[in-house]
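Here is a short tour of one protein chain. Keep the sequence and the 3D view side by side as you read.

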Amino acid sequence: MKILTIIVSYNFTRWIKPCLESLSHSDYPTDVLVIDNGSQDDTVPTIRDAYPHVRLIANGENLGFGQANNIGMRLALEEGYDAVFLLNQDAWVAPNSIGFLAAQAEKHPEYGILSPVHLNGTGNRLDHGFASYVHQTDPARIPHDQDVIEAPFINAAFWFIPVRTLKRLGGFSPLFYHYGEDKDYVNRLHRHGLKVGYVPTAFGCHDRQSRPVTREVFFRTEYVYLLSEYTNLNRTFGNAFAYSVLACVKKSLLAFMHHKWKDGCTYLHLALKLSGKTHEVICIRRRTRMEAPHFLLE
């Protein structure tokens, strides 16, 4: 299986060594493509000088996570790869992980996305997001008697995607700039009868445990989640409208009732922002209802 590992970078210097060297030490060969979103540090010269085997596309501007990954996925289709492995810049994998993922992807075609177990940056416990998705807190308790364990959602820090999935679903929706694109993609995956899961014998570390959740980050997360519900093909349009725009209005009213004026105004602003996306949402929903390599051909 010919695999292209895609890393979208922005100020990548801190993690270049553990990330790229984990791929160099992989038991299973993979070509590596870094797509840089206009880094302001030494990312681009460092990769060119120290990692000449890594293919580099320097955008010169920040296209966002999804659209940068789409560049790599488009190349994978054009150049005859069998799978892509999306790897966050602040993440790295165990030497046997890619091989395990490739083997299970061939054995279980019902899975459109496979992931390793996500550990934290020190590797001593599960990543907090992954733990919530799989309803487990202790990596030692993850069962190892199954090839693949299905999950309702796994974030895109480590996504192994066979090209057959790309040909059916395409890439990330341009509605999402950064965050939310993976939730939207999994919703589309489920709509088209595919599963997402993780391989319990494969491991990767995601170095993000120390990041604070500020008010700004919280409401940005709220917005992209509600937008992903608006585009969710597993709901009728009316139901999706209720779970996104009307849900946001409800949160605004509840905040006002509890005299949280700032939060109420923010939720009201988000509801208006979501409403303003209605035409785009309808177009995207209509388009992605059909199987095709969406967003990768234009």
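## The annotated domain

UniProt lists residues 6–128 as "domain: Glycosyltransferase 2-like", in an unreviewed entry. UniProt positions follow the numbering used here, feature names are shortened, and annotations may be inferred rather than shown by experiment. The span is 35% helix and 26% strand, and its end C-alpha atoms lie 23 Å apart. Helices (H or I, at least four residues) and strands (E, at least two) are DSSP runs, numbered from the N terminus.

This is a predicted model, in which local features need pLDDT of at least 70 and side-chain atom pairs count only at pLDDT 80 or more, while totals for chains, interfaces and linings use all residues. Residues are numbered from 1 along each chain as its sequence is written, and side-chain values use heavy atoms, with hydrogens and water left out.

## A covered strand

Start with strand β4, residues 83–87. Of its 5 residues, 5 are buried. Buried means under 20% relative accessible area, exposed means over 50%, and partly exposed lies in between (1.4 Å probe, protein chains only). Both faces of β4 are covered. A83, F85 and L87 sit on one side, and V84 and L86 on the other.

β4 has strand partners too. Two strands pair if DSSP finds at least two bridges between them. Strand β1 (residues 3–9) runs parallel to β4, joined by 4 bridges. Strand β8 (residues 158–162) pairs with β4 in the antiparallel sense, over 5 bridges.

## Helix α2 and its buried face

Helix α2 covers residues 43–50, and T43, V44 and I47 in it are buried. These buried residues line one face of the helix, because they fall within an arc of 100° seen down the axis of α2. The arc is that of the directions from the helix axis to the C-beta atoms. An α-helix has 3.6 residues a turn, so residues three or four places apart point the same way.

What do the buried residues of α2 pack against? They pack against β1, α1, β2 (31–36) and β3 (55–58). Contact here means heavy atoms within 4.5 Å.

Helix α10 has 16 residues, 261–276. At 1.5 Å a residue it should span 22 Å, and its end C-alpha atoms are 23 Å apart, which agrees. The expected span is 1.5 Å times one less than the number of residues.

Which residues of α10 are buried? They are G264, T266, Y267, L270, A271 and L274. They cover an arc of only 165° around the axis, which puts them on the same side of α10. On the other side, W261, K262, L272 and G276 are exposed. The cover over the buried residues of α10 includes α8 (215–230), α9 (237–257) and α11 (278–288).

## Cysteines

A disulfide is counted when a pair of cysteine sulfur atoms lies within 2.5 Å. The count by this rule is 0. C248 is in no disulfide: the nearest cysteine sulfur, that of C265, is 12 Å away. C248 is buried, at a relative accessible area of 0%. C283 is partly exposed, at 33%.

C19 is in helix α1, residues 16–24. C19 counts as buried, at 0% relative accessibility. Leaving out residues up to four places away in sequence, C19 touches I7, F12, L87, N88, Q89, A91 and W92. C19 and H206 are 187 residues apart in sequence, and 9.9 Å apart in space, C-alpha to C-alpha.

## A buried threonine

T165 lies in helix α6, residues 163–169. At 1% relative accessibility, T165 counts as buried. Leaving out residues up to four places away in sequence, T165 touches G112, G170, Y185, L189 and L194.

## Two positive phi angles

Most residues other than glycine have a negative phi. N11 has a positive phi of about 50°, although it is not a glycine. N11 is in the loop between β1 and α1, and is partly exposed at 28%.

Y179 also has a positive phi, near 85°. Y179 is in the loop between α6 and α7 (181–191). Its relative accessible area is 38%, which means that Y179 is partly exposed.
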